[in-house]
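Dear colleague,

I am handing over the structure below, and after it I set out what was found. Please read the notes alongside the coordinates.

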Amino acid sequence: QECGGPGKRRAGGDRRRRENENRVERERKVAVTMASTEVAKVAEDKNAAAAAPVSLGKGAWDCDNNCEIPPDKEAEVFEEIATMDFPYEGIPTIPPRKNMTHLAFFCNGCRYRVEAYPDWTGEQVAKALWRGGIERANNPNGNTPGMKGPEDIALIYAGQVIPHTKKLEDFNVPPGCKVLIAIEKAKLQPGAKPDPDSAYWN
């Protein structure tokens, strides 16, 4: 039999086939190990999430009753539950709000829900927020004095600061609006520094 004849080629082919099979098996084992690791990590992450607080934000506050809105009730209270009333390609969406008697203000990471109307002045709304407990948003370690009364509260809608002497409707605030901001007036003054724990310093 000549060197490099059919027998030699067949033996070489068998060896390469075995090497390929071994390589495929090694890759399969690596893939299985990685998949198992990912599954374990997902389970670990889920356990960690279950043990964590319900909300990593600062929750929501009912100014009418001066009490916290439970995290599991926020979506219901703020009408953020998706329904099939107005589906998009078969996907549930959040329907238009029905509650037109309450406004929602974001202040220092928390949402404050208060009965108020567009024909109220900024002062009336600020007083309602103050009675409802918005002073709890004060940062004791902040760089500003904090809100000491309703006169220290600035209201913002669509980037516009609403003067206390003006009505909200003068700034096109719609009934039941849920995207307003309440902030300490001192924080809007020129040269005011964000609080030490603000993301500004990150």
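I begin with a contact in the backbone: a polar atom of the N99 side chain lies 3.0 Å from the backbone nitrogen of T101, where a polar contact is a pair of N or O atoms within 3.5 Å, one of which, within protein, must be able to donate a hydrogen and the other to accept it, and where residues adjacent in sequence count only if both atoms are side-chain atoms. N99 itself sits in the loop between β4 (91-93) and β5, helices (H or I, at least four residues) and strands (E, at least two) being DSSP runs numbered from the N terminus. Beyond its neighbours within four places in sequence, N99 is in contact (heavy atoms within 4.5 Å) with E79, R113, G176 and K178.

Before going further, please note that this is a predicted model, in which local features need pLDDT of at least 70 and side-chain atom pairs count only at pLDDT 80 or more, while totals for chains, interfaces and linings use all residues. Residues are numbered from 1 along each chain as its sequence is written, and side-chain values use heavy atoms, with hydrogens and water left out.

Turning to charged pairs, a search of the whole structure finds four salt bridges, each defined as a side-chain nitrogen of Lys or Arg within 4 Å of a carboxyl oxygen of Asp or Glu. One of them joins R111 and E74, at 3.2 Å from N to O; because R111 lies in strand β6 and E74 in helix α2 (residues 74-77), this pair ties together parts that are 37 residues apart in sequence. R111 counts as buried at 12% relative accessibility, and E74 is buried too, at 13%, with buried meaning under 20% relative accessible area, exposed over 50% and partly exposed in between (1.4 Å probe, protein chains only).

R111 also forms a salt bridge with E80, whose closest N and O atoms are 2.6 Å apart; E80 lies in the loop between α2 and β3 (83-88), so that this pair ties together parts that are 31 residues apart in sequence. E80 is partly exposed, with a relative accessible area of 36%. Another salt bridge links D195 and K187, with the closest N and O atoms 3.0 Å apart; D195 is buried at 8%, whereas K187 is partly exposed at 31%. Through shared partners, salt bridges join E74, E80 and R111 into one network.

Finally, helix α3 (residues 122-131) has G122, V125, A126, A128 and L129 as its buried residues. They cover an arc of only 160 degrees around the axis, which puts them on the same side of α3, the arc being that of the directions from the helix axis to the C-beta atoms. Their cover includes β5 (102-107), β6 (110-115), β7 (153-157) and β9 (180-184).

Best regards
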